[in-house]
Amino acid sequence: MAEYEACILGIRMAVDMNIKELLVIGDLDLLIHQVQGEWTTQNVKILLYLHCVKALCKKFTKIEFKHIPRIQNEFVDTLTTLSSMIEHPDKNYIDPIEIEVRDQHAYCFHVDEEPDGKPWYYDIKRFLEAREYPENATTDQKQALRRLENNFFLNGEVLYRRTKYLGLLRCVDAAEATRLLKEIHA
């Protein structure tokens, strides 16, 4: 249904822009083949969407639906999810989403330095090593450190953060993060 909603919103935008010829590209072969009349559906919920798409198609002098395999269409999942989540008071209009495709990937090589010269995880690591709180720590800050303790794992000098799937992420300071980003994207 989300795929149909995204399709309907896109077609409505084209109608509002007075476009007369349209190529609809999608990776859900079910939708594409149903709209083309090659496949049928008995699902009442889907039928309503299908009839809506077909009614909108009559507003074009030429409209074509083309199936692209999901592996070749990176944006479909993201755009489909976004379009089905957006609520607009005027149900017949949605603000267009502008996507800029670049020839090269954009990477971030800048990581902010810590203001006090210590890594962001310094207090957590010190608490795990020696059960020491930072100087002048408030009761709330101490409680926050105790809560964070369960999310981190200290192995020798290396601090790791546990993920919800029980994986471990190595904690790095700004200099190490910058070095790793340059190395990875070289």
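Reply: Lys 125 touches Leu 154, Glu 157 and Leu 159, leaving aside residues up to four places away in sequence. The model is predicted. Lys 125 is found in helix α5. Its relative accessible area is 14%, and buried means under 20%, so Lys 125 counts as buried.

Now the sheet. Strands β3, β4 and β5 form an open sheet in the order β3-β4-β5, and the pairing is antiparallel. The edges are β3 (152-155) and β5 (168-170), each pairing on one side only. On average, neighbouring strands of this sheet are turned by 35° against each other, direction ignored. Strand β4 covers residues 158-162 and pairs with β5 over three bridges, in the antiparallel sense. Within this part, Arg 162 stands opposite Leu 168 in β5.

Next, the charged pairs. The whole structure contains six salt bridges. One of them joins the side chains of Arg 126 and Glu 132, at 3.2 Å from N to O. Glu 132 is partly exposed, with a relative accessible area of 40%.

Another salt bridge links Glu 149 and Arg 131; their closest N and O atoms are 2.2 Å apart. Glu 149 lies in the loop between α6 (139-148) and β3, and Arg 131 in the loop between α5 (122-130) and α6, so this pair ties together parts that are 18 residues apart in sequence. Both partners are partly exposed: Glu 149 has a relative accessible area of 21%, and Arg 131 stands at 47% relative accessibility.

Arg 179 pairs with Glu 183, with the closest N and O atoms 2.7 Å apart. Why are Arg 179 and Glu 183 separated by about one helical turn? They are four residues apart in α7 (residues 174-184), which accounts for that separation. Arg 179 has a relative accessible area of 40% and is partly exposed.

Helix α1 spans residues 2-16, 15 residues in total. At 1.5 Å a residue it should span 21 Å, and its end C-alpha atoms are 21 Å apart, so the two values agree. Buried residues in α1 include Tyr 4, Ile 8, Leu 9 and Ile 11. Glu 3 is also buried, as are Ala 6, Cys 7 and Ala 14. Just after α1, Asn 18 takes a positive phi of about 60°.

Last, the cysteines. The structure holds zero disulfides. For Cys 7, the closest cysteine sulfur is that of Cys 57, 7.3 Å away. A disulfide needs sulfur atoms within 2.5 Å, so this separation is too far for a bond. Cys 52 is in no disulfide either; its nearest cysteine sulfur, that of Cys 7, is 9.2 Å away. Cys 7 counts as buried at 11% relative accessibility. Cys 52 counts as partly exposed at 22% relative accessibility.

Conventions
Residues numbered from 1 in each chain as written. Predicted model: local features only at pLDDT ≥ 70, side-chain atom pairs only at ≥ 80, totals over all residues. Heavy atoms only, no water. Helix = DSSP H or I, 4+ residues; strand = E, 2+ residues; numbered from the N terminus. Expected span 1.5 Å × (residues − 1). Buried < 20%, exposed > 50% of the residue type's maximum accessible area, 1.4 Å probe, protein only. Pairing = 2+ DSSP bridges. Axes fitted to C-alpha atoms, helices over the stretch in contact; angles between N-to-C directions. Salt bridge = Lys/Arg side-chain N within 4 Å of Asp/Glu carboxyl O. Contact = heavy atoms within 4.5 Å.
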